[in-house]
Amino acid sequence: MTNKLKLLVFFILGTVALSSCGSEDETYKITLQQPELFHQSMQKLTDVIVHDIFSPPVASRVYVYPSIAAYEVIIPKYNDRYQSLAGQLSELNPVPAPEDEATNFHLAAIHAFLITGQELIFSENKMEAYREQLYARLRDEGLPTSVEKASLTYGELVANHIMEWAGKDNYHQTRTFPQYTIQDEEQYWKPTPPDYMQGIEPHWNKIRAMVLDSARQFKPRKPERFSLDEDSEFYKQLKEVYEVVNNLDEEQTNIAKFWDCNPYVSHHYGHAMFATKKITPGGHWIGITAIASRQANSTFDEAIEAHTKVSISLFDAFISCWDEKWRTIVVRPETLINQHMDEEWTPLLQTPPFPEYTSGHSVISRAAAVTLTDLYGDRFAFNDTTELAYGLPAREFESFIQASEEAAVSRLYGGIHYMMAIENGVSQGQEIGDFIVGRLKTRNSKELASY
């Protein structure tokens, strides 16, 4: 070995040795750079949402504000890459600037996410326990007190700013509004078995949208005119639900169950009753976002960006969809089939407690798929493992749009929607997704050139 080569080897070994010595004291830096830290925090929020049984629209609210808080925190670190959502989202003002140079913006983003999330859930102790365990681990990995203090201070400052903004979105006011009064006419929605629950969130269209101008900005075409005449289009679609469910094949059954995403399904056996809890439709697409982010090897900031844009799309899509549901108040297939075709008939899936038109899963799935396509491309194949935790096998998709189409048609297979609600719901979601993608900008112009 030549002297020159020996010197090179000694230099490399010395550099590795010095690096190793330093890493023992500052492992926390490596941990905080990993996007997995954000993914784990988002998964914890999802777990609590499932535990607390939030309805689909409310769950979308629980996802969106923590995501925005985390995103706004990282702006100062990546101000050459990203632009703030202040001035883009309705009534959102710029967040305070950081003052302490010791701030670690990744830790501050996680803290802002967790603090904001904790304010929006019921089981605050679960989020608090997760947070304390995480910070204890970081201290063991060498997190200096000065860095922790500065980072948590800034994260909490941004979280408070976002929560003050969230407090003005009319959510708390709608908690005091009256429940829906059941109307006698057959064409209007009625509570469905087995629990005959009150309609969920009849005033959700009063919630302040993020990007949409109003809840009614993208009204879908009107539903088919109600008629029980066997030659009418409405009756044909009602009969289609009945016949499709009665003749499901194995694949259709699997599709329906995979996309069920009902946060509360009750089971009755004689006088006994128990319930199973699962993710909401929005939670499923948050799961898909994590899958895509990991598969694309997204960085910490890119993972936050993706979840923020998807959660905004979901939030506005629910507002638009719920506006249509509680304006048209279309009766569910199960109600009419039991009254006019087969009183013993039950759908494959338990009918959710809100009006039929349009299909929520169709609307929000398409809006999320459009957003993800904008982020990762239109031929992004992925293996959807989101439902593994709930005992359902993974499904493979060639694109986000394909997944959204399957999510939509699953509602026919499940027996809970007419085709008009599915097809027009997809169109509604497409318009919402296109509008948000076109209006909401996260990347700076220079960054876009290489994006």
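In this predicted model, the sulfur of Cys321 lies 14 Å from the closest cysteine sulfur, which belongs to Cys261, and that is too far for a bond. A disulfide calls for two cysteine sulfur atoms within 2.5 Å, so the count comes to zero disulfides. Cys261, for its part, is in no disulfide, with the sulfur of Cys321 as its nearest cysteine sulfur. Both residues are tucked away from the surface: Cys321 is buried at 0% relative accessibility, and Cys261 is buried too, with a relative accessible area of 4%.

Cys321 also turns up among the contacts of another residue, Gln428. Gln428 sits in helix H16 and counts as buried, because its relative accessibility is 1% and the cut-off for buried is under 20%. Once its neighbours within four places in sequence are set aside, Gln428 touches Phe218, Pro220, Ser320, Cys321, Thr358 and Val363.

Helix H16 leads on to the packing of helices. Two packed helices are described by the angle between their axes and by the distance between those axes. For H16 (residues 419-439) and helix H15 (residues 400-413), the angle is about 170° and the axes are 9 Å apart. Angles over 145 degrees count as roughly antiparallel, and H15 and H16 are therefore roughly antiparallel to each other. On the H15 side, the contact is made by Ala408, Val409, Arg411 and Leu412, while H16 supplies Met419, Ile422 and Val426. Sorted by class, this contact of H15 with H16 holds six nonpolar residues, no polar ones and one charged residue.

A second pair of helices gives another arrangement to look at. The axes of helix H3 (residues 35-52) and helix H5 (residues 105-120) come within 11 Å and cross at roughly 5°. This angle makes H3 roughly parallel to H5. H3 brings Leu37, Phe38, Ser41, Met42 and Leu45 to the contact, and H5 brings Ile110, Phe113, Leu114 and Gly117. The classes here are seven nonpolar, two polar and no charged residues.

Leu114 is buried, with a relative accessible area of 0%. Apart from its neighbours within four places in sequence, Leu114 is in contact with Ser41, Met127, Tyr130, Arg131, Leu134 and Tyr135. Leu114 and Ala69 are 45 residues apart in sequence, yet their C-alpha atoms are 9.4 Å apart in space.

Helix H13 (residues 333-340) contributes buried residues of its own, namely Pro333, Glu334, Thr335, Leu336 and Ile337. These buried residues of H13 pack against helix H9 (233-246).

Aromatic side chains were examined next. The count comes to 25 aromatic pairs. In one of them, the rings of Tyr180 and Trp189 have centres 6.1 Å apart and planes at 55°, so this pair is tilted. Tyr180 counts as buried at 13% relative accessibility, and Trp189 counts as buried at 0%. The rings of Phe380 and Phe400 are arranged in another way: their centres are 5.3 Å apart and their planes meet at 15°, so the pair is stacked. Phe380 lies in the loop between helix H14 (360-376) and strand E3 (382-384), while Phe400 belongs to helix H15, so the pair ties together parts that are 20 residues apart in sequence. Both Phe380 and Phe400 are buried.

Notes:
Residues are numbered from 1 along each chain as its sequence is written. This is a predicted model: local features need pLDDT of at least 70, side-chain atom pairs count only at pLDDT 80 or more; totals for chains, interfaces and linings use all residues. Side-chain values use heavy atoms; hydrogens and water are left out. Axes are lines fitted to C-alpha atoms, for helices over the stretch in contact, and angles run from 0 to 180 degrees between N-to-C directions. Helices (H or I, at least four residues) and strands (E, at least two) are DSSP runs, numbered from the N terminus. Angles under 35 degrees count as roughly parallel, over 145 as roughly antiparallel, 65 to 115 as roughly perpendicular and the rest as oblique. Contact means heavy atoms within 4.5 Å. Ala, Val, Leu, Ile, Met, Phe, Trp, Tyr, Cys and Pro count as nonpolar, Asp, Glu, Lys and Arg as charged, and the others, Gly among them, as polar. Buried means under 20% relative accessible area, exposed over 50%, partly exposed in between (1.4 Å probe, protein chains only). Rings of Phe, Tyr and Trp (its six-membered ring) pair if their centres lie within 6.5 Å; planes under 30 degrees apart count as stacked, over 60 as edge-to-face and the rest as tilted.
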